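Hello,

Here is the structure I promised to pass on to you. Please open it alongside this email, and my notes on what turned up will follow below.

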Amino acid sequence: MITAPENPSASPLAKPVATIRGVGPERAAQLARLKIATIEDLLLHRPRRYEDRRQFRPIAALQLDEPATTHGTVVALGVKRFRHGQKSVFELILDDGTARLHCRWWNLPFMEKYFEVGDEVVVFGKPLLLKPRTIDHPETEVVENGEENFIHLNRITPVYPLTEGLPQRWLRSLIWRTLQDAEPNISEPWLEPLQVTGCGLKVEGNRVAESAKPSTSNLQPLTRVPSRSNAIHMLHFPEAPNDPEIARRRLALDEFIGLQLRIQLRRRKFEAAAQALPCGGDNHLIKPFLASLGFQLTAAQTGVLREIRADMRAPLPMRRLLQGDVGSGKTVVAACSALMALESGYSVALMAPTEILAEQHFRNFQRWFEPLSLCVELQTGSHRTGPLRSTKPNGQARQNAPAPLSPARTPRLIIGTHALIQPDFEIDRLGLAIIDEQHKFGVAQREQLLRKGRYPHLLVMTATPIPRTLGLTLYGDLDVSVIDQLPPGRGRIKTFVRSPDQLPKVWTFVREQLAQGRQAYVVYPRVEEAGPGGVKAVTRELANLERILAPFRVALLHGRMKAAEKEKTLAAFRANAAQILLTTSLIEVGLDMSNATIMLIENAEQFGLAQLHQLRGRIGRGSRQSCCILVSSADGDEARNRLGTLEETTDGFRIAEADLKMRGPGELLGPQQSGMPDFRFGDLRSDGDLIQTAREQAIRLLSRQQ
Ligand code: ADP
Ligand code: MG
């Protein structure tokens, strides 16, 4: 049986650290604060950085503002107090024969007790003065005369993350001793050795290696990946500056393989237990639906539908992620999929993250499906409509009449929000569950919806283009379809970054557009809070905007409004009774109004790129040219570059990659995306190749097992 490295059965590495000689209860508690519980945890404690102590920088050669490691003998030390003893500075003066170095610690007088004249001290820090040479708050280690100096000196020395009361040297010695004893117990978790090319890892002896075989000889030669035990050794005792990175990648690969194995095993379990409902349909509804649509599906949409139909006919339930940039037309694909299930006599549930979006879908589906004599129901926190009942913009429906039970066997189509996963919601014969804007939901919520039926088919949709590496980690158990084409006849979107002092010009432009009959979104980052940096609050901006843009009408939409108010506001905007919608990032998802061609975003630097791209996706939905203006007062190069990416491209993938590189996966996915494993060594930003290799390895290991 293959087990992930995290759960080896009775390995000696699984023993608690307290079983190590010299680790008493107090030390064990300190280690626990560093999330070190077992011997294996200790061996995987990753150094925060390394110091090359084979050659110390002479004190005389220290450079201003340049971090360096040096050492010397303490020639003087003392604490000076000032401001009536409230403030202090502790100073330590070192000499290495080339010059003297002053090390200072402000307001930490107790530091004095750690040093004595005559001590040898290693110092790491950044000189902030050269006359005299001074480093404030350096990291230090007193060299003790003993046989253990080869652990701490004369080599590339690891510096570990610590916790209060835990000395660097003690931890380094402990890891060294433990490694000596444990090294023979570190086994290969994946049964067979792996191979590496250059700094990329390749697998030996299967298709992957074949394709990696150099046809031209300019590929780097294959070298072996270090064994796990070697990698752990290199992590703590690197011999060359590059060793830690080689070790990190090997250990990251183990993490990724462990994760992929768990994903694949979950998938297998599902495949063994699940039985699909026959939901392929017979076209009797889809045909008239497509004929009445008024446009032709794009080739990409048709292709995806073919995949979905094949899935819904297959013996296993569909588990599919539909990825398509904003405006690529995912809703129609969802509608066709729903029709397949309905044709087959099964019910469909479509869940969206906000009431606004659920209501928009409800309206569209009603318009589309009523001619087919299908009834569409809406279920949200504030609405509940039964079959043949239209929306009532308040809570009455709920109090007076719960959704009437549909006649047995009549398949239902229910659109809703989180209300669909509440315990009191039930649906008979659920054949297909669709989740829109899936990145707004957690994995658990997806499962809750699925449990409303017996292995229904699942289609999740997202416009946040997830870079492939992240997709394999997050959605490794889903098949992926991509709509890589926008419907024809879309006007282009031009994007500009502007500073606040250019706003008068911008408003003139907006007024011109409004005068031509267009509509505009104006977005502020937050509602009713003026945070640092002078974030304008959207409610206070209303009057201002009305004044600037009169006689055009401004409607206000924000998250703290009641559902009925929101709906009224949107209805006014939809009917062009208001020409400007002033809002927060609330409109980020899904809203589809083709007459709106202007998107103005204030304090744009406060948003992530992927989020700005989503916001921008609200325009460019008709045939006219649209314009997105990002107003930002941030003048740092980094902020400029970031927003510049949006001026350059409308390719959601490039934008998401850029966001991932700059801000990391958490930002891209939002806080809702739980279930993301914490990697010690793996880095989703840079380890795409490893994740790919891990997936292949996991599949191969599992197929060997049978
Ligand atoms: P998203 O993928 O962002 O959810 P939508 O499904 O909201 O996009 O579609 C955006 C707009 O494009 C909608 O108004 C939809 O009716 C329209 N649309 C979808 N497919 C096509 C197509 N093949 N041709 C023309 N318009 C389309
Ligand atoms: Mg959508």
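Let me begin with the ligand. Ligand 1 is surrounded by 16 residues, and the closest are Gly-327, Lys-330, Thr-331, Arg-490 and Asp-592. Please keep in mind as you look around that this is a predicted model.

Several polar contacts to ligand 1 can be picked out. The side chain of Lys-330 places an N or O atom 2.8 Å from an oxygen atom of ligand 1. Gln-301 also uses its side chain, with a polar atom 2.9 Å from a nitrogen atom of the ligand. Ser-328 takes part through its backbone instead: a polar atom there is 3.4 Å from an oxygen atom of ligand 1. On its own, ligand 1 has 570 Å² of accessible area, and the protein covers 85% of that.

Now for the protein as a whole. It contains 21 helices and 25 strands. Of its 706 residues, 53% count as buried. The protein exposes about 32700 Å², with carbon and sulfur atoms supplying 51% of this area. If we take the contacts with a separation of 6 or more, 74% of them are between residues 24 or more positions apart.

Next come the aromatic rings. How many aromatic pairs does a search of the whole structure find? There are eleven. One of them is formed by Phe-82 and Trp-106: the ring centres are 6.4 Å apart and the planes meet at 80°, which is over the 60 degrees required, so this pair is edge-to-face. Phe-82 belongs to strand β2 (residues 68-82) and Trp-106 to strand β4 (residues 100-106), so to speak two distant parts of the chain, 24 residues apart. Phe-82 has a relative accessibility of 34% and counts as partly exposed, and Trp-106, at 33%, is partly exposed too.

A further pair is that of Phe-256 and Phe-679. Their ring centres lie 4.9 Å apart with the planes at 65°, so this pair is edge-to-face as well. Phe-256 sits in helix α7 (residues 243-273), while Phe-679 is in the loop between α20 (652-669) and α21 (688-705), and the two are 423 residues apart. Is Phe-256 buried or exposed? With a relative accessible area of 2%, Phe-256 is buried, because buried means under 20%.

Elsewhere, Phe-289, Phe-365, Trp-368 and Phe-369 form one aromatic cluster. Two arginines also lie over rings. Arg-27 has its charged end over the ring of Trp-170, 4.6 Å from the centre, and Arg-49 lies over the face of Phe-124, 3.4 Å from the ring centre.

Finally, have a look at Asp-95, which is found in strand β3 (residues 87-95). Its relative accessible area is 23%, so Asp-95 counts as partly exposed. What does the side chain of Asp-95 reach at 2.7 Å? It is the backbone nitrogen of Gly-97. Beyond its neighbours within four places in sequence, Asp-95 is in contact with Ile-59, Gly-72, Thr-73, Val-75 and Arg-100. As for Gly-72, it is 23 residues from Asp-95 in sequence, yet the C-alpha atoms of the two are 5.0 Å apart in space.

Note on methods. Residues are numbered from 1 along each chain as its sequence is written. Chains are lettered from A and ligands numbered from 1 in the order in which they are written. This is a predicted model: local features need pLDDT of at least 70, side-chain atom pairs count only at pLDDT 80 or more; totals for chains, interfaces and linings use all residues. Side-chain values use heavy atoms; hydrogens and water are left out. Rings of Phe, Tyr and Trp (its six-membered ring) pair if their centres lie within 6.5 Å; planes under 30 degrees apart count as stacked, over 60 as edge-to-face and the rest as tilted. Helices (H or I, at least four residues) and strands (E, at least two) are DSSP runs, numbered from the N terminus. Buried means under 20% relative accessible area, exposed over 50%, partly exposed in between (1.4 Å probe, protein chains only). A charge sits over a ring if NZ of Lys or CZ of Arg is within 6 Å of the ring centre and within 35 degrees of the ring normal. A residue is near a molecule or strand if one of its heavy atoms lies within 4 Å of it. A polar contact is a pair of N or O atoms within 3.5 Å; within protein, one must be able to donate a hydrogen and the other to accept it, and residues adjacent in sequence count only if both atoms are side-chain atoms. Accessible areas come from the Shrake-Rupley method with a 1.4 Å probe; for residues, only the protein chains shown count as cover. Contact means heavy atoms within 4.5 Å.
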